[in-house]
Amino acid sequence: MPDTTLTTLQGLKQKGEKIAMLTCYDATFAQACCQAGVDVLLVGDSLGMVLQGHDSTLPVTNAELAYHVACVKRGNQGAMIVADLPFMAYATIEQALHNSGQLMQAGAHMVKLEGAAWLAEPIRLLAERGVPVCAHLGLTPQSVNVLGGYKVQGRNEAQARQMRADAIALEQAGAAMILLECVPSELAEEISHAVKVPVIGIGAGSGTDGQVLVIHDMLGLALTGRSPKFVKNFMQGQASIQDALSAYVKEVKAVTFPATEHGFSA
């Protein structure tokens, strides 16, 4: 499989072909995801919950993210690797530059930051220095204490208008990709059409340019025993993990996942 680059993803968006993305934290799953045709591997701070057993992503450190990026790199076979900058790792411009550098040196091809229009300056500076950025909008888990829990974002018109404006502002600042989490499906599709960069959704309907899930969730391994509404267990009806990963990619590309029941309305 040829290496997936920003140009590759931009081409998929222009052709209307969906982008398949999964979280990944180690070499074995990186190899399995690549063999299944996953385009992008996200080394997410979700590892704090699914690997470390924390009740949020907040305890994860940049050093831990860099370690897992290096693990994923060793098993990667051509996918793009995106790495989360964890909680408070980009509170200042200096921190954003330093911590992004560590993740890129560990093997990431892009870093992901959670926030809104205030991210414009760090995104601009990172892009100028050769660090592609994915801007994460909507439900931003690092801000769960401010948001008052894990709630759908953008349901009222003022929120929706602000999110559209934030997405456009961050694209103009240099964001190379946008991720929308727990956003009404109609709004997510509007944003996907409003920007030229690829838009990835999780709990954002099928109108985005691609989909991402936490790999443990889509394999039916949720620690709590309960999965979010936007998750589908792809192990059901499959003989192996490899088959489940392939089924996920196939359904994302065919736009049969997510179905209407996996999304949210305004």
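This is a predicted model: local features need pLDDT of at least 70, side-chain atom pairs count only at pLDDT 80 or more; totals for chains, interfaces and linings use all residues.

A salt bridge is counted here where a side-chain nitrogen of Lys or Arg lies within 4 Å of a carboxyl oxygen of Asp or Glu.

| Salt bridge | N to O distance |
|---|---|
| Lys13 and Asp209 | 2.9 Å |
| Glu128 and Arg124 | 2.7 Å |
| Arg164 and Glu157 | 3.0 Å |

Lys13 forms its salt bridge with Asp209. Because Lys13 belongs to helix H1 (residues 6–15) while Asp209 sits in the loop between strand S7 (199–202) and strand S8 (210–213), the pair ties together parts that are 196 residues apart in sequence. Both Lys13 and Asp209 are buried.

The salt bridge of Glu128 with Arg124 has both residues in helix H6 (residues 120–128), where they are 4 residues apart, about one turn of the helix. Glu128 has a relative accessible area of 53% and is therefore exposed, whereas Arg124, at 33% relative accessibility, counts as partly exposed.

In the salt bridge between the side chains of Arg164 and Glu157, Arg164 is partly exposed with a relative accessible area of 22%, and Glu157 also counts as partly exposed, at 47% relative accessibility.

Conventions: Residues are numbered from 1 along each chain as its sequence is written. Side-chain values use heavy atoms; hydrogens and water are left out. Helices (H or I, at least four residues) and strands (E, at least two) are DSSP runs, numbered from the N terminus. Buried means under 20% relative accessible area, exposed over 50%, partly exposed in between (1.4 Å probe, protein chains only).
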